[in-house]
Amino acid sequence: MSYFTLTRRHVLMGMAAAATLPSVSFGQSGTPISGGTLKISHSTRIATLNVLSLSGPAEYPCIDMLYSGLTRTGLDNQPHPDLATSWEANEDATEFTFYLRDGVTFHDGTPFTSADVVATFEAILNPDIASSARSVLTMVDKIEAVDDLTVKFILSAPFADLPYSTSHANARILSKAALEGDLSALDTTANGTGPFKLETYDSARIVRLVKNENYYKPGQPYLDAVEMMLFPDLAAETANFLSGTTDVMLTVQQAAYARIAESAGIEAQRVSSGRYVCIVMRQDQEPWSDVRVRQALGLAIDRQLLVDIILEGLGRPAYDSIVAPEIEYYTDKPEIMYDPEGAKALLAEAGYPDGIKATIVASDRPAIRAQTAIALQQTAAAAGFDLEIKTMPHDTYLAEEWMKGDFYIGYWGMQPTIDATYNLLLTSEASYQDTEWKNAEFDSLVAEGRATIDPAKRAEIYAKAQELELADKPYIVPFFEDVLTASSEATKEWKIAPISRFYFVEDVWLDKA
Amino acid sequence: MPRALKSPTGLIGTVLLLIVFTAALFGPLIAPYDPQLFHVQARLQGPSREFWLGTDQYGRDLLSRLLNGAPATVLFGLGATVLGVGAGSIIGVIAGVAGGRTDSIVMRILDGMLAMPELLFTLLIVSFLGGGTAQAMLAVAVTFTPGMARISRSAVLSVRTREYVLAAQARGESQAWIVGREVLPNAVAPIIVEATIRVSFAIMIGATLGFLGLGAQPPSTEWGLMVAEARQFMFRNPWCVAVPGLAIAITAMGFNLFGDALRDVFDPKRNH
Amino acid sequence: MSLAYLLRRLGAVLIVLCVVSVTVFAITAVLPGNAALMILGENASAENLAAMERQLGLDRPVVVQYFDWISGVVQGDFGTSLRLQLPVSQVVGEAFWNSMSLAVIALVAVTLIAIPMGTFAALKRGSIWDLFIGLFSYVGTALPEFVTATLLLVFFAAPSRQYLPAGGFVAPGEDLSGFFVHAILPATTLGLILMAHISRQVRSELADVLSSDFVRAARLKGIPEGRVIRRHALPNSLTPAIAVISLDIGYLLGGIIVVEEIFAWPGLGRLLIYALQNRDLPVIQAVTLLLAVVYALSNLVADIVIAKLDPRVRYA
């Protein structure tokens, strides 16, 4: 469990902080009371409810309430039963059988069966449909309905982590009828099996969900309704939350966290997460092709300073691996201290005694990218890196720089498994291979890991893979960013998984006497 | 220009402009610190003996950043205006001198461009050009062009019927001579007045674009961008938004007042 | 003012709109990236991108896209927002009324304050009040909206002393007083520059008229000063004030973009910035055209009003 409430507070110079801690009420919240409307404020627009392709931070909680998946990622970052009550794999992890929950109905009353599961995964795998979950399901060859409540996944290659992939936030089960109809209807309507039903969809202001009386967990959800309220202005969002107009502030900005956490009647939570900024250095380009240059840049970053200044202390220094401590099979990474002299020496050794001049590109959204670039420029100057920063609009960045440029700032959310993490970015065939770091040994380790079922063996394999990553330093990863959220005292059981796409609102209840 | 100094507005304008130009010319030299240097121990502080105007979220000295951003901010205003006024004047003078079909076609096109609200026009151009200081400058210049063309055209037209021009025509001087020696020198005053006032607009629009993230980009010390970057921290340290914000206002006001004083000098009728 | 003149003006506006729409379309098509890329963000694998482009119809040739769009517009169908997947008319329509309500509040407040202010300054020419109002107008015109807005926020909406909401919007239908409370800071920001501008204009025009021959003649005839001002001076100086107000509507439409963005007012300006960021072409088009139409119409109305008030002005 990597889930903790505010137990320590970084006191930054020049920022006074009170010594009181907000009351912690987990595990002692008493018997849930039914009823009430939970108001959740968020600051990014809910532009679509299309489960297959959406990616907005406020869109994820909506589909988590509206839909269910075969499996669902829990607070422990493990897959748990959702529409599948259990599953089993064959010896070599090439065939998975999922046993489905009986008696579940969609919001419109139609019963949920294996046909819906088959239709959903076929849609995800259909290259003519944009879908975010496809990249973690590429090994699925065929999905068969064995009977009404049993589905079999036949894989083209062994893959031990399939239950993780089926819990991908964009792999929620849609009804067969919806998938056969006009897909653009998915943008604004929803017929799921989740704990809440869609009542109002007004992307400019409010999305209102109401209790699904037929949800499969008996007695749940406790809430009558949930309102996702859009506050495009952070100051207004904070003010409304603090005054009690809203119950939950979905995302708290680092700059405002200390103040919100100190307010009376508020529970602020920081959830350690594997979200990170990374410095992308294309390794088929000078000077980044030389591992000593990458190591030098790694030494030239004052990681604690970045955590303190950019994250206001609300995160942890990372040491150049994209695998976060929350991910299974993570190995401890040696600390890298800020050492400009050591960096200089490495640069000289690599043939750059006078340092290196380079231009680092940062997209203008979110601001953390440019902030990292600015802090990097400052701390790396002492090590002989003369960096120029080029900030560009996000659309230009995506079209022209991302996966093309040789030195830029990346920003990624947490993946559920080490396999997903590495196959997203680092294996030779990774979905978003942007470093040109190609290592056959690493590739075969990752492939071996996904085909291995025995956890002890997998741990060994992944430890080796992480060693290779550290030795070659394909990315510089300066820090992991905490997920920050806050709720009123009356809001019980408000929780966010480290991967921050799962919210368990069916467990939430309001203690409003 | 001593007459411009006589009115109180002219005097204030001149003094403000002197301050601004001093900052623009010598600012980077007299700045107490490196404008990009982090003072980690002194983040978001108010004015102190160490940091006269306080520090921003990275602990960077606001005074140093302000002084460092002065040349960029002033150059932006002057550059955009010179480009816009230059292009506009040339178009306007050509239209005014040529008259007839050329004139009416040119004026139709300019009217079309003027049919868009100014900031909207700039915003569209700059978001299509992709953001950045040079792009923003170009966008402001393009936005200024039609208005300036109209003004210079009407200046030319009003001069064209004056006695000295008619006399020159009667003397049988060439068209080029008349334009160069009689029309232009007399049409230039209203253009200069308008241009001076436009500089203040250009600075304000440039800062606004910087604020919206479409102009100068981090870690530039452009003043509008300084306000934008510090916005998240404005309640924790109001100085980091107030300092660059007021600097923009002072600069814009300087050009405004000075421009008005110039107008009074050139056009004494309007002198109240 | 003849009907033919009116028709010609409207015709010119139409031509301008066509040119604007073609230009916006062409430039957006040439730029790298598109709405599909912005929707997918870093989920944009080549396969996903191609699929999304097909879903949004962005795989068609640009010319086809344009003609599909324009033929829809002619029939009153502005298409579907690429980002929000809602009818453009709905998205833009709501934003339009929100913007207009803000603009009207600002304009009314400005007119009610600026005209008396300018009049007062002109009557007390040379006094400390005149100087004060003059100074105010200089400061006002030199403060860009984002600076005014930020300073107002610091003074009136800091968490420690929340006199006014820092931003946001309440529908007037739900809570009328809430609506006005939320409108105070944005309307003040919008109004400040206009107020400075208009009061200065009224002062200088009125000052001109007051020193003119016919006012002097009226005074010589022994007509009381109050009557001179009300009946002779003010009407003559209001014409230019109206001209300025109409010109300022262009300014207002620009300023509203910034103000809405800062105060999270869900109007056209905020929508435009969102659409520009997300490369939502149908929305960019609709908002741009709408703002251009409003601007053109307000200019036209101003011309008509001026012609009615001032018989010397003739439009051929």
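Phe96(A) is found in strand E6 (residues 95–100) of chain A. In this predicted model, is that residue buried or exposed? Phe96(A) has 24 other C-beta atoms within 10 Å, and it takes 20 or more to count as buried, so Phe96(A) is buried. Leaving aside neighbours within four places in sequence, Phe96(A) is in contact with Trp87(A), Ala89(A), Phe153(A) and Leu162(A). Met229(A) lies elsewhere: 133 residues apart along the chain, the C-alpha atoms of Phe96(A) and Met229(A) are separated by 40 Å.

Staying in chain A, we can turn to a helix. Helix H8 (residues 303–310) of chain A is mostly covered, with 6 of its 8 residues buried. Which residues of H8(A) are buried? They are Arg303(A), Leu306(A), Val307(A), Asp308(A), Ile309(A) and Ile310(A). The cover over these buried residues includes strand E14 (315–317), helix H10 (368–381) and strand E18 (475–488) of chain A. After H8(A) comes Glu312(A), which has a positive phi, near 55°.

How confident is the predictor in these chains? The table gives the summary for two of them.

| Chain | Mean pLDDT | Residues reaching 70 or more |
|---|---|---|
| Chain A | 90 | 94% |
| Chain B | 86 | 96% |

Within chain A, strand E1 (residues 3–5) has the lowest mean pLDDT among the elements, 30, while strand E8 (residues 150–155) has the highest, 97. Over residues 1–27 of chain A the pLDDT is below 50, and this stretch has 42 contacts in the model beyond near neighbours in sequence. Where pLDDT is low, the predicted coordinates should not be read in detail. In chain B, the lowest confidence is in helix H6 (residues 163–171), at a mean of 81, and the highest is in helix H8 (residues 223–230), at 92.

Chain B itself has 9 helices and 0 strands. Its C-alpha atoms fill a box of roughly 75 × 45 × 30 Å along the principal axes. Of the 272 residues in chain B, 59% are buried. Among contacts in chain B with a separation of 6 or more, 69% are between residues 24 or more positions apart.

Next comes the meeting of chains B and C. Here 37 residues of chain C are in contact with 33 residues of chain B. On the chain C side, at least two residues each come from helix H1 (3–30), helix H6 (128–142), helix H7 (145–156), helix H8 (176–210), helix H10 (225–263) and helix H12 (281–309). By class, that side of chain C has 29 nonpolar, 7 polar and 1 charged residues.

One of these helices, H10(C), also packs against helix H11 (residues 268–278) of chain C, at an angle of about 80° and with the axes 7 Å apart. That angle makes H10(C) roughly perpendicular to H11(C). Where they meet, H10(C) brings Ile256(C), Ile257(C), Glu260(C) and Glu261(C), and H11(C) brings Gly269(C), Arg270(C), Leu272(C) and Ile273(C). This contact has 4 nonpolar, 1 polar and 3 charged residues.

Finally, which residues have the most contacts inside the largest nonpolar core? They are Leu271(C) and Val287(C), in a core of 342 residues. Helix H7 (residues 175–211) of chain B gives the largest share of this core, 16 residues. Not counting residues up to four places away in sequence, Val287(C) touches Val92(C), Leu268(C), Leu271(C), Leu272(C) and Ala275(C).

Terms used
Residues are numbered from 1 along each chain as its sequence is written. Chains are lettered from A and ligands numbered from 1 in the order in which they are written. This is a predicted model: local features need pLDDT of at least 70, side-chain atom pairs count only at pLDDT 80 or more; totals for chains, interfaces and linings use all residues. Two residues are in contact if their C-beta atoms, placed from the backbone, lie within 7 Å. Helices (H or I, at least four residues) and strands (E, at least two) are DSSP runs, numbered from the N terminus. Ala, Val, Leu, Ile, Met, Phe, Trp, Tyr, Cys and Pro count as nonpolar, Asp, Glu, Lys and Arg as charged, and the others, Gly among them, as polar. pLDDT is the predictor's confidence in each residue, from 0 to 100. Axes are lines fitted to C-alpha atoms, for helices over the stretch in contact, and angles run from 0 to 180 degrees between N-to-C directions. Angles under 35 degrees count as roughly parallel, over 145 as roughly antiparallel, 65 to 115 as roughly perpendicular and the rest as oblique. A nonpolar core is a set of buried Ala, Val, Leu, Ile, Met, Phe, Trp, Tyr and Cys residues joined through C-beta atoms within 7 Å. A residue is buried if 20 or more other C-beta atoms lie within 10 Å of its own, exposed if 12 or fewer, and partly exposed in between; C-beta atoms are placed from the backbone.
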